[in-house]
Amino acid sequence: MGLFSTLKKLVSDDNDPLDGVKIYAPITGEIVDIEEVPDVVFAEKIVGDGVAVKPTGSKLVAPCDGVIGKIFETNHAFSIESPEGIELFVHFGIDTVELKGEGFRRVAEEGQQVKCGDPVIELDLPFLEEKAKSTLTPVVISNVDEVKQLAKHSGKVTQAEDVIITVIK
């Protein structure tokens, strides 16, 4: 790439300043700082770093292309690995495991190859808002030690349309 092409790319408004792996919203809602999640495991980044989404949607979708790793037996959380080796953990709500799967319906299967936006878990949001300690949905990079930089986005997001995290590996 020539000097002018490089300069044009640097000053162009349509380029994200961080050219990395884009992680999209797994559910429609509003981004919340991970530190605000009312669970020490997430707030103190014990399982990884990322953001949470205060949901208004009724399904969790794949936040990137990849392979579904684990889907918890109670269908409240899943892991996915991107082709670039980013390991993500999506966990709907806090203490939702105690609902023993009530309010959740699995759509995808473990080991399934998915595209960003493919449905993974459907949920009954009104039921979960009533029964769960919190519906904040952490989306964390679990292999954050292999990542150079995370750019966390903010604001209202639409599932599979808006970037919530840009990862530089």
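The protein chain contains three helices and 14 strands, where helices (H or I, at least four residues) and strands (E, at least two) are DSSP runs numbered from the N terminus. This is a predicted model, in which local features need a pLDDT of at least 70 and side-chain atom pairs count only at pLDDT 80 or more, while totals for chains, interfaces and linings use all residues. Residues are numbered from 1 along each chain as its sequence is written, and side-chain values use heavy atoms, with hydrogens and water left out.

**Confidence**

- The average pLDDT of the protein chain is 92, and 89% of the residues score at least 70; pLDDT is the predictor's confidence in each residue, from 0 to 100.
- Over residues 5–9 the pLDDT falls below 50, and beyond near neighbours in sequence this stretch has four contacts in the model, a contact meaning heavy atoms within 4.5 Å.
- Residues 11–17 also have a pLDDT below 50, and this stretch has four contacts beyond near neighbours in sequence.
- Where pLDDT is low, the predicted coordinates should not be read in detail.

**Overall build**

- Of the 169 residues in the protein chain, 47% are buried, where buried means under 20% relative accessible area, exposed means over 50%, and partly exposed lies in between (1.4 Å probe, protein chains only).
- Among contacts in the protein chain with a separation of 6 or more, 70% are between residues 24 or more positions apart.
- The protein chain exposes about 8700 Å², and carbon and sulfur atoms supply 49% of that area; accessible areas come from the Shrake-Rupley method with a 1.4 Å probe, and for residues only the protein chains shown count as cover.

**Nonpolar cores**

- The largest nonpolar core has 36 residues, of which Ile23, Phe78, Ile164 and Val167 touch the most other members; such a core is a set of buried Ala, Val, Leu, Ile, Met, Phe, Trp, Tyr and Cys residues joined through side-chain atoms within 4.5 Å.
- Leaving aside neighbours within four places in sequence, phenylalanine 78 is in contact with residues including Leu60, Val61, Pro63, Ile68, Leu88 and Val120.

**Salt bridges**

- Side chains of opposite charge can pair when their charged atoms come close.
- A search of the whole structure finds nine salt bridges, each being a side-chain nitrogen of Lys or Arg within 4 Å of a carboxyl oxygen of Asp or Glu.
- Lysine 156 forms a salt bridge with glutamate 30, and the closest N and O atoms are 3.3 Å apart.
- Because lysine 156 lies in strand β13 (residues 156–157) and glutamate 30 in strand β2 (residues 29–33), this pair ties together parts that are 126 residues apart in sequence.
- In this pair, lysine 156 is exposed, at 66% relative accessibility, whereas glutamate 30 is partly exposed, at 36%.
- Lysine 115 and aspartate 65 meet through their side chains in a salt bridge with an N to O distance of 3.9 Å.
- That pair links distant parts of the chain, 50 residues apart, with lysine 115 in the loop between β9 (113–114) and β10 (119–123) and aspartate 65 in the loop between β4 (59–61) and β5 (66–71).
- Lysine 115 has a relative accessible area of 53% and is exposed, while aspartate 65, at 32%, counts as partly exposed.
- A network of salt bridges links Glu35, Lys45, Asp49 and Lys152, and within this network the side chains of lysine 45 and aspartate 49 meet at 3.8 Å, N to O.
- Aspartate 49 counts as buried at 15% relative accessibility, whereas lysine 45 counts as partly exposed at 33%.

**Cysteines**

- A disulfide is a covalent bond between the sulfur atoms of two cysteines.
- The structure holds zero disulfides, a disulfide being a pair of cysteine sulfur atoms within 2.5 Å.
- For cysteine 64, which is in no disulfide, the nearest cysteine sulfur is that of cysteine 116, 6.9 Å away.
- Cysteine 64 is buried, at 4% relative accessibility, and cysteine 116 is partly exposed, at 27%.

**Backbone angles**

- Most residues other than glycine have a negative phi.
- Lysine 45 has a positive phi, near 60 degrees, and lies in the loop between α2 (40–43) and β3 (49–55).
- Alanine 160 has a positive phi, near 65 degrees; alanine 160 is found in the loop between β13 and β14 (163–168), and is partly exposed, with a relative accessible area of 28%.
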